[in-house]
Amino acid sequence: MSSIPLLRPEEESRLARDLVLGNGPRRERARERFLNNLDATVSTADGLHLEHSPIYHAGITEAVRLMSTELGLADPTLTARYEKMAAAAAWLIMPDGTYPQLGDTDLRDVTAWALEREADHRGFA
């Protein structure tokens, strides 16, 4: 794991702005910071977000998907990371199709993309 410090909220908003609106070096710097932050907060071994809260994992996984598909930042490394994170999300589903109430996660339905991935397994079943 990397020792890169996590981004503060105001840095996250600048990062998102630069990824969406930036161009050239500004966008590349934002992409690099996003990937570094991802390395610091998501296990490369199992794809789980290190906050250990299913809803945070789902949110970060969705952000990675958006970075890949909507913003055109896809590369083999990011695509592989997304696939691993999405597969890990399937293990965080309760038998009733909700996320377990762990960490900061309230009782709520699982996102559609996670339900699609869980056909073969559910971690809390």
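Okay, let's start with helix 4, residues 76-90: at 1.5 Å a residue its 15 residues should span 21 Å, and since the end C-alpha atoms are 22 Å apart, that agrees. The expected span here is 1.5 Å times one less than the number of residues. When I say helix, I mean a DSSP run of H or I with at least four residues, while a strand is a run of E with at least two, and both are numbered from the N terminus.

A quick word on what you're looking at. This is a predicted model, where local features need pLDDT of at least 70 and side-chain atom pairs count only at pLDDT 80 or more, while totals for chains, interfaces and linings use all residues. Residues are numbered from 1 along each chain as its sequence is written, and side-chain values use heavy atoms, with hydrogens and water left out.

So, the overall picture. The protein chain has 5 helices and 0 strands, which reads α-α-α-α-α from the N terminus on. Out of 125 residues, 38% count as buried, meaning under 20% relative accessible area, with exposed being over 50% and partly exposed in between (1.4 Å probe, protein chains only).

Back to helix 4. Its buried residues are Leu78, Arg81, Tyr82, Met85, Ala86, Ala88, Ala89 and Ala90. And what do they pack against? Helix 2 (24-41), helix 3 (54-69) and helix 5 (112-117).

Now helix 3. Its 16 residues should span 22 Å at 1.5 Å a residue, and the end C-alpha atoms are 22 Å apart, so that agrees too. Buried residues there include His57, Thr61, Val64 and Met67. Take Thr61: it counts as buried because its relative accessibility is 0%. Leaving aside neighbours within four places in sequence, Thr61 is in contact (heavy atoms within 4.5 Å) with Tyr82, Met85, Ala86 and Trp113.

Next, the core. A nonpolar core is a set of buried Ala, Val, Leu, Ile, Met, Phe, Trp, Tyr and Cys residues joined through side-chain atoms within 4.5 Å. The largest one has 22 residues, and Leu19, Phe34, Leu38, Val64, Leu78 and Ala114 touch the most other members. Helix 1 (9-21), helix 2, helix 3, helix 4 and helix 5 each give two or more residues to this core, and helix 4 gives the most, with 5 residues.

Zoom in on Phe34: leaving aside neighbours within four places in sequence, Phe34 is in contact with Leu15, Leu19, Ala63, Val64, Met67 and Leu78.

Last one: of the contacts in the chain with a separation of 6 or more, 63% are between residues 24 or more positions apart.
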